[in-house]
Amino acid sequence: MATDRKEDQGPATSVDVTGEDIHWNQDISYGSYLQLDRLLECQNPLSTKHDEMLFVVIHQASELWMKACIHELGAAMNHLAADDLGPVQKMLSRVAKIQANLQQSWEILSTMTPADYAAFRDDLGQSSGFQSFQYREIEYRLGNKNARMAEAHKASPARYNHLQEVLDRPSFYDLCLQLLARRGFDIPADKLERKWREPYEASKGVEDAWLKIYQDTNKYWDLYELAEKLVDLEHHFHAWRFAHMKTVERIIGYKKGTGGTGGVSYLVKALDLRFFPELWTLRTSL
Ligand code: HEM
């Protein structure tokens, strides 16, 4: 990564490497800018078992990428509410690329055998991905408003209250339906004003609106593009869930999860969830 150097920053060391002068910036460095001292102090396995480091790093890297997704989704939602679709399309494309990247985690993690994981699993106690507050925020923002899942964060008031706020706001999909209504589509009133924390229920009226868009893509190009980006995003989300479930099956079989759920059986149920249900059903009607 390059950092800019201001000309008045005092003496810089110049080293000749392959004919180029390198100016060593004394004011700001790669390590301090990225706070690497702090970041690289955070990998502290609880056991002495070799594979636990990979387990920690994969989770932490996934959380960093989730942070980036929340950043993109938050900004995209603001643009959506302001009818500014250009940046929304770009941000959703970026989220899809991050999701594709996250998918690679499972390839790396599956180099860990059941015996490798069993060697440190008991040290994890009851901690589980189930308690990832960022994952829950992403689900809430996208529209899986299962308020019960926020209860896992009651012991941390700031996190709990933040999740409650996100639950009470319209989801990405709710904002899309409001946009469609502003564009003149006949969206049922109970989809435009409702208790946002309640789970969204699919509706024929909404499917008909999306159908119109898919039946005349030239006329509604930006809305059609938005819909396909959402389908992309949900497709990747689903692929992540599926790969997680298959990796878990491969590593712990049908044991209960450390978080106390049935394990694979819980993860299989989550495969039925849909953020944007009508975007899937309309495909059969087209
Ligand atoms: C050896 C590797 C892993 C195993 C055995 C495993 C196992 C499980 C199990 C059994 C659950 C269900 C909840 C429970 O009872 O604990 C779960 C949930 C979850 N795990 Fe993992 N997991 C692994 C790796 C990961 C990684 C790398 C991530 C990345 C962040 C992750 C994120 C999650 C999330 C977000 C949930 C909640 C899903 C939901 O509520 O729909 N897991 N995991």
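Questions and answers on a predicted model follow.

In this predicted model, local features need pLDDT of at least 70 and side-chain atom pairs count only at pLDDT 80 or more, while totals for chains, interfaces and linings use all residues. Residues are numbered from 1 along each chain as its sequence is written, and side-chain values use heavy atoms, with hydrogens and water left out.

Visitor: Which residue is the only protein donor of the iron atom of the ligand?
Guide: Donors are N, O and S atoms within 2.8 Å of the metal (3.2 Å for Na, K and Ca); water is not among the atoms, so sites may look incomplete. The NE2 atom at 2.3 Å from the iron is the only protein donor, and its residue is His244.

Visitor: Where is the place of His244?
Guide: Helices (H or I, at least four residues) and strands (E, at least two) are DSSP runs, numbered from the N terminus. His244 falls within residues 221-252, that is, helix H11.

Visitor: Which residues come nearest to the ligand?
Guide: A residue is near a molecule or strand if one of its heavy atoms lies within 4 Å of it. There are 27 residues around the ligand. Nearest come Ser128, His244, Gly259, Thr261 and Tyr266.

Visitor: How many Å separate an oxygen atom of the ligand from an N or O atom in the side chain of Tyr266?
Guide: A polar contact is a pair of N or O atoms within 3.5 Å; within protein, one must be able to donate a hydrogen and the other to accept it, and residues adjacent in sequence count only if both atoms are side-chain atoms. Arg136 places a polar side-chain atom 2.9 Å from a ligand oxygen. Gly259 uses a backbone N or O atom, at 2.8 Å. For the Tyr266 side chain, the distance is 2.6 Å.

Visitor: Is Thr247 buried or exposed?
Guide: Thr247 sits in helix H11. A polar atom of its side chain lies 2.5 Å from the backbone oxygen of Ala243. Buried means under 20% relative accessible area, exposed over 50%, partly exposed in between (1.4 Å probe, protein chains only). At 7%, Thr247 is therefore buried.

Visitor: How many residues of helix H8 are buried?
Guide: Helix H8 spans residues 172-182 and is mostly covered. Among its buried residues are Phe172, Asp174 and Cys176.
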